Amino acid sequence: MVTWNMTRRHVRILLVGDPGAGKTSLILSLVSEEFPDDVPPKAEEITIPADVTPEQVPTNIVDFCASEQTDDNLQDEINKAHVVCIVYSVENDESIDRITTHWLPFIRDSTTIDQRKPVVLVGNKIDLVDYSTIEHVLTIMEEFPEVESCVECSAKTLHNISEMFYYAQKAVLHPTAPLYIMEEQDLTEGCKKALVRIFKVCDIDGDGLLNDFELNHFQRRCFNAPLQPQVLDEVKAVLTKNVPDGIYDQSVTLKGFLFLHCLFIQRGRNETTWAVLRKFGYNENLEMCHEYLQPHIKIPPGSSTELSHRGQQFLTALFERSDRDGDGALSVDEYKAIFNACPVLPWPSISDIRRTVPTNPASEKGFLSLHGWMCRWTLMTLIDLPKTLDYLAYLGFNVHENESQALAIHVTRERRLDLAKKQSSRSVYMCHVFGPKGCGKTGLCRGFIADNLVKLTEKEFLSGDHYCINTVQIYGQEKYLVLKDIEMRQILDPLQPHEVHCDVACLTYDVNNPTSFEYVARIYIKYFAESKIPVLITGTKGDLEEVRQDYLLQPKEFCQKYQLLPPQIFSLKDNKKDLYVKLATMAAFPRFQAAWIMFYKHRLERLLGTAHLRHFGNMATDPFIWWKAGLGVAAASIVGYFIIKVLHSTISTR
């Protein structure tokens, strides 16, 4: 399992204090493990290797000497340090008073609020007194939130010296300030928000509780160890005693979960809460770190991204768990509940979703079926992979037995290899739909996701919804087809490369408008005539009268000249959606178009006399007829070749 370590790679500790407080002696005693007889004014910077520190982090210890360094030098050292230890003498009242009158104000003035350094108060020379200053120091901690902890020690007797530097490391690696508000004795809002998300992600069955199984799963995820039954009983007992509604039905509630972490921090066990936060992707600012949200995925040029089988399983289970009423569709509340642990909804507008994917007509209150849900995720994975990775992380994909969201993504083979093999292994194809204004291309796209095409013609089609996605069957296999409605421009306005690049292009014109075809004809000649992208020219509004186009070639003649399939006539009122199957098939088998034109136009029509072969894809009886016809022609060509060779050989012998 991948461990997301958002801690620093090293810790830099700066010791400051009044002359004679003993900060140099503390450093030398730590290193030599004995009290030095001769103490210099300032100790040299010391580096402690990671393998001898409690947190396994390299640590630099820096001393400051007022007699050798200026205030400007001190400000520079404070800004470079990760934590500042203010050393005072427990036997000197003036040394204690200067913590608040000089040192803490100086440290504050040397940094901005956003860059404020954690502080550890170190009372030295505890061997010279028989009392403690901790009670007095605790009042300082309440006044100055940057003070993380306090410790009393003795450089002479080596008492608590290693603990002092441990607390300094801990103040950097497991700071209190981002987690806990000392004055309010409560968690910070940022900490609560992060823990609420973690609770919801770990709530596998979505009942708002963490049962024993889910608690054990959480424990293994964070600490690589099961939660012992005795410990689990003790946790529940603590919650029952301190939080009236912390336990419900022998399970931990959200309120109980938050209380436990508050208790950890109050008892000085910040590292426990930080371990949980870091396992779930949070950095020291309680933000999801980039490495957690965006695992590296190499995508070669010409490849695309799809959901892997694991990704599909996770999203299917998430849908089924979130469909609380079991009606096969997500109501508005159910949809919002899925993403309540995310910063924002991935698709905020419900109307946009309905104009992008097929919905569930059988559910009055629901709007997104499982099929539509998977279509929307498939579309986002294809066109906006970073967003998919972000939301899979927020929803907890890499918590449930997965190392990272990369396992939810499948990177397809490069398109140049598909072209070479004349067959694509992809499951998702992108079709760009071009056409002049008013030609019906938006209706063509919406017809792909509408259950009732006749009803769809009564709707007002608004611009701005550029994608429609649904599934089609290609030779018994389910594939996703994405239709992208390319915004119409003037004929002379150039198209951008990302608008041209696709798996298949659909050039649409209005059969009832004599000026409509010129636009798509010019688009084809300029952008697609020399490309390897399959193109299908489609005449929309096929239920209206077909008129002659004001162009030098009529659509059928144009297709013949450029060896394209004959124009596909399409109507929203009576179309049976075979157009979408044709587009997907052309995308799935690139570079076959030339072969179709050559064989079907010049040979098959004469040999077989089958009129319906003029329109690819209309053979409902045998979907493999193209393969059979092609093989038959190939076989006839081979036989003819050998016959000619034999005849030539016979003539030569004569």
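This report describes a sheet, its neighbouring helices and the cavities of a predicted model.

In this model, 6 strands form an open sheet with mixed pairing, arranged in the order 2-3-1-4-5-6. Strand 2 and strand 6 are the edge strands, each of which pairs on one side only, and the twist from one strand to the next averages 20 degrees. Within the sheet, strand 1 and strand 4 run parallel and are joined by 5 bridges, and Leu 14 stands opposite Val 84 in strand 4.

The elements concerned have the following residue ranges.

| Element | Residues |
|---|---|
| Strand 1 | 11-17 |
| Strand 2 | 46-48 |
| Strand 3 | 59-63 |
| Strand 4 | 83-89 |
| Strand 5 | 119-124 |
| Strand 6 | 147-152 |

Helix 4 (residues 134-143) lies across strand 4, strand 5 and strand 6, and runs at about 170 degrees to strand 6. Helix 1 (residues 23-32) has as its buried residues Lys 23, Thr 24, Ser 25, Leu 26, Ile 27 and Ser 29; what covers them includes strands 1 to 5 and also helix 5 (161-173). Just after helix 1, Glu 33 takes a positive phi of about 60 degrees.

Elsewhere, the structure holds 3 cavities of 30 Å³ or more, and the largest cavity contains about 50 Å³ of space. Its lining consists of Arg 415, Asp 418, Leu 419, Ser 424, Arg 426, Tyr 429, Asp 503, Ala 587 and Pro 590, which divide into 4 nonpolar, 1 polar and 4 charged residues. Helix 17 (residues 415-421) gives the most to this lining, with 3 residues.

How values were computed. Residues are numbered from 1 along each chain as its sequence is written. This is a predicted model: local features need pLDDT of at least 70, side-chain atom pairs count only at pLDDT 80 or more; totals for chains, interfaces and linings use all residues. Side-chain values use heavy atoms; hydrogens and water are left out. On a 1 Å grid over the protein atoms alone, a cavity is a set of points where a 1.4 Å probe fits but cannot get out, and a pocket is an open set with protein on both sides within 12 Å along at least five of seven lines; lining residues have an atom within 4 Å of a point. Grid points are joined across faces, edges and corners, and a volume is the space filled by probe spheres set on the points. Helices (H or I, at least four residues) and strands (E, at least two) are DSSP runs, numbered from the N terminus. Ala, Val, Leu, Ile, Met, Phe, Trp, Tyr, Cys and Pro count as nonpolar, Asp, Glu, Lys and Arg as charged, and the others, Gly among them, as polar. Buried means under 20% relative accessible area, exposed over 50%, partly exposed in between (1.4 Å probe, protein chains only). Contact means heavy atoms within 4.5 Å. Two strands pair if DSSP finds at least two bridges between them. Axes are lines fitted to C-alpha atoms, for helices over the stretch in contact, and angles run from 0 to 180 degrees between N-to-C directions.
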